[in-house]
Amino acid sequence: MRKTLTDFKSLEDKIEQRSSEVQVVAELVKALVKENASTVQSQETYLKRYEDLTKRYGKARSE
């Protein structure tokens, strides 16, 4: 019973996975913004990619 109440391994693993996903998405957003600032590209394409990444980020943070 005590082990069940004090074993947080699975919870810690989930937190680590989500944290890693948030960090990955944040870096992808930074790279996308930097690319947009330095390269001529379709703003529709940029906004679609940005929107997809922000949805992914929101999902990772809320799970």
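Biologist: Which side chain does Gln41 join in a polar contact, and at what distance?
Modeller: In this predicted model, the side chain of Gln41 makes a polar contact of 3.4 Å with the side chain of Asn36.

Biologist: Where is Gln41 placed?
Modeller: Gln41 lies in the loop between helix 2, which covers 9–38, and helix 3, which covers 43–62.

Biologist: And which residues does Gln41 touch, leaving aside those up to four places away in sequence?
Modeller: With those set aside, Gln41 touches Glu35, Asn36, Tyr46 and Arg49.

Biologist: On to the helices, then: how do the axes of helix 2 and helix 3 cross?
Modeller: The two axes come within 9 Å and cross at roughly 165°. Because angles over 145 degrees count as roughly antiparallel, helix 2 is roughly antiparallel to helix 3.

Biologist: Is the crossing of helix 2 and helix 3 left-handed or right-handed?
Modeller: The crossing of helix 2 and helix 3 is left-handed.

Biologist: Which residues meet there?
Modeller: Helix 2 contributes residues including Val25, Leu28, Leu32, Glu35 and Asn36, and these belong to a set that meets residues of helix 3, among them Tyr46, Arg49, Tyr50 and Leu53. By class, the contact of helix 2 with helix 3 has 12 nonpolar, 2 polar and 6 charged residues.

Biologist: How far apart are Ala31 and Arg18 in space?
Modeller: From C-alpha to C-alpha, Ala31 and Arg18 are 20 Å apart, and in sequence they are 13 residues apart.

How values were computed
Residues numbered from 1 in each chain as written. Predicted model: local features only at pLDDT ≥ 70, side-chain atom pairs only at ≥ 80, totals over all residues. Heavy atoms only, no water. Helix = DSSP H or I, 4+ residues; strand = E, 2+ residues; numbered from the N terminus. Polar contact = N/O pair within 3.5 Å; in protein donor to acceptor, adjacent residues only side chain to side chain. Contact = heavy atoms within 4.5 Å. Axes fitted to C-alpha atoms, helices over the stretch in contact; angles between N-to-C directions. Parallel < 35°, antiparallel > 145°, perpendicular 65-115°, else oblique. Left-handed = near helix turned anticlockwise from the far one by under 90°. Nonpolar A, V, L, I, M, F, W, Y, C, P; charged D, E, K, R; others polar.
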